[in-house]
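Good morning, colleagues. Please look at the sequence and the structure on the screen, and I shall then take you through them.

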Amino acid sequence: MAAEPVHWFSRWNWWESNLPAGKGQGNIVGVEFWRLQVRATSTSPFRTLEVRKHPGWDGWHLVHVSDET
């Protein structure tokens with residue numbers, strides 16, 4: 001059985017970027033993460049994926065893939 005998804009936020013040094021920090025920009029310091037267990041078929045082993053959504057980026061980005069431990 002797959003583990004429950006894990007969701008968290010982290011902060012980063014936005015002032016070291018070229019992102020504008022003005023009124024109405026929303027959250028520019030929070031980096032959103034998800035850790036998910038997935039498998040290609042019902043009989044294949046689980047893989048753990050870690051993805052993040054960084055302020056200023058479009059969409060989600062794959063950070064890490066590992067085998068189930």
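I begin with burial. This is a predicted model, and of the 69 residues of the protein, 20% count as buried. The accessible surface comes to about 5400 Å², and carbon and sulfur atoms account for 53% of that surface.

Let me turn to the fold. The protein has 4 strands and 0 helices, so that, read from the N terminus, its elements run β-β-β-β. How are the strands arranged in the sheet? They form an open sheet of 4 strands in the order β1-β2-β3-β4, with antiparallel pairing. At the edges are β1, residues 6–11, and β4, residues 61–67, each of which pairs on one side only. From one strand to the next, the twist averages 20 degrees.

Strand β3, residues 47–53, runs antiparallel to β4, and 6 bridges join the two. Within this pairing, arginine 52 has histidine 61 in β4 as its bridge partner.

Which residues does its side chain meet through polar atoms? A polar atom of the glutamine 37 side chain lies 2.7 Å from the backbone nitrogen of alanine 3. The side chain of glutamine 37 also makes a polar contact of 3.4 Å with the side chain of threonine 48.

Finally, the contacts over the whole chain. Among contacts between residues at least 6 apart in sequence, 30% join residues at least 24 apart. Thank you for your attention.

Technical notes. Residues numbered from 1 in each chain as written. Predicted model: local features only at pLDDT ≥ 70, side-chain atom pairs only at ≥ 80, totals over all residues. Heavy atoms only, no water. Polar contact = N/O pair within 3.5 Å; in protein donor to acceptor, adjacent residues only side chain to side chain. Buried < 20%, exposed > 50% of the residue type's maximum accessible area, 1.4 Å probe, protein only. Contact = heavy atoms within 4.5 Å. Areas by Shrake-Rupley, 256 points an atom, 1.4 Å probe, with all protein chains shown as cover. Pairing = 2+ DSSP bridges. Axes fitted to C-alpha atoms, helices over the stretch in contact; angles between N-to-C directions.
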